[in-house]
Amino acid sequence: MMSNEISTVQAYRASLLSFHADPAFADDAHTWIEDGLLVVADGRIQAIGDHATLAPTLAPGTPVADYRGHIITPGFIDTHLHFPQTDMIASPAPGLLPWLDTYTFPTERRFGDPAHARAGAEFFLDELLRNGTTTALVYCSVHKESAEAFFEASAARNLRMAGGKVLMDRNCPDFLQDTADLRDSEDLIKRWHNNGRSMYAITPRFAPTSTEAQLAATGELARAYPDTFIQTHVSENQDECAWVGQLFPERRSYLDVYEHYGLMRPRAMFGHCIWLDDTDFSRLAQTGSAIAHCPTSNLFLGSGLFDMKRADDAGAMVALGTDVGAGTSFSMLQTMNEAYKVARLKGSYLPALRMFYLATLGAARSMGLEGTIGTLAPGLEADFIVLDRKATPLLARRTAHAESLEETLFALALLGDDRAIRATYAAGACVHRRGESGSGAAFTPSN
């Protein structure tokens, strides 16, 4: 495993991109430094600026990683995915509900085995890092063992990760059914939430698989631990929405089920949100809840097209999620690619700068982590990635003719994938370097 103890000053020379506002609502939302220097000490960003200005301030002998020709951005933040579903990615089914029954539930059953859960967590986290994702909001299985395995593997890499044991006590196979007794979840909160860089997410799978008693208990747990995350699914598929209407006829909408049980608040993340009405979007904004837009999953399952403009008009926070395993890639670049196409099909336009914002600072804001991660600024945790605009022959040819930053980023989003991630850093430590395994970053003097 690569070293995750960085106690001396390190510097990185590259083009630097970060955000301080949403490009959809501010003309000057980003910072771009063509020849920049990022200085890191003790896992945090110490300084950022022009190389010509900052380099003379470095102590003699300070190692500098020379990434000229590359772009350093904050690490990507994936706000919705399922680690037990890694093994069933790209499984065919005619829709969400049969896909759950045929593939998801049988696959998740195996995560009650601690050894299987550990192996799955190790691969899952390595795959995230290979794709430049340094923070994720993760669904485990119903088994406490799966959450323990996830957090142990994440802590060993010193990653800022959030996750939680799935809750479901009806409308699921007996071998995955738990109860309204949430002691396992509370035990996991006490052990892992804010333990190092780990964070806990209270995780009812979705309303149809929780009884009223379990949803009520979930709301009580959320009130008892108000700085935890809440994550679930809502309005992904029309058949699912109709099912919720039958199960909860007294509620105004699918989303209203969650609000009724006290599950809408800051740090609550709702996956998909395709079939919401205007009142639903307004309630998301008013409660400080957020949307995880999962375009590859929605297209794969034929669930529908998310309406970014309606969310923006309501003032609701939006971030991106890969939604592995219905999602078809761990790559946030490929997720941007599909988000762009979904926006076009809905009659709107998603610029590249906005897509990179949604995967960095926008996601951090949605998770209530602004000021901790999501941008490049002194004092923040040093989670960042190195993007290679020449990672493939086609990408190199296209970016060589780019006439603006927008064109370069758009090419990375539309043509890039895991190959475009030259290196990934978490808390200042190299946790992935393309083409290498088991070794840290190589630092060389910079002229």
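Is Phe410 buried, partly exposed or exposed? Phe410 is partly exposed, at 23% relative accessible area (buried is under 20%, exposed over 50%, partly exposed in between, with a 1.4 Å probe and protein chains only). This is a predicted model, in which local features need pLDDT of at least 70, side-chain atom pairs count only at pLDDT 80 or more, and totals for chains, interfaces and linings use all residues. Residues are numbered from 1 along each chain as its sequence is written, and side-chain values use heavy atoms, leaving out hydrogens and water.

**Tyr340 and Phe410**
- Their ring centres are 5.0 Å apart and their planes lie at 80 degrees, so the pair is edge-to-face (rings of Phe, Tyr and Trp, the last by its six-membered ring, pair if centres lie within 6.5 Å; planes under 30 degrees apart are stacked, over 60 edge-to-face, the rest tilted).
- Tyr340 is in helix H12 (residues 332-345) and Phe410 in helix H16 (residues 405-415), so the pair ties together parts 70 residues apart in sequence (helices are DSSP runs of H or I, at least four residues; strands are E, at least two; both are numbered from the N terminus).
- Tyr340 counts as buried, at 15% relative accessibility.

**Phe83 and Phe111**
- The whole structure holds 18 aromatic pairs.
- In the pair Phe83 and Phe111, the centres are 5.3 Å apart and the planes at 90 degrees, so this is edge-to-face.
- Phe83 sits in the loop between strand S5 (76-82) and helix H2 (96-109), and Phe111 in the loop between H2 and helix H3 (114-130).
- Phe83 is buried at 1%, and Phe111 is buried at 1%.

**Cluster**
- Phe83, Phe111, Phe124, Phe150, Phe151, Trp192, Tyr200 and Phe330 form one aromatic cluster.
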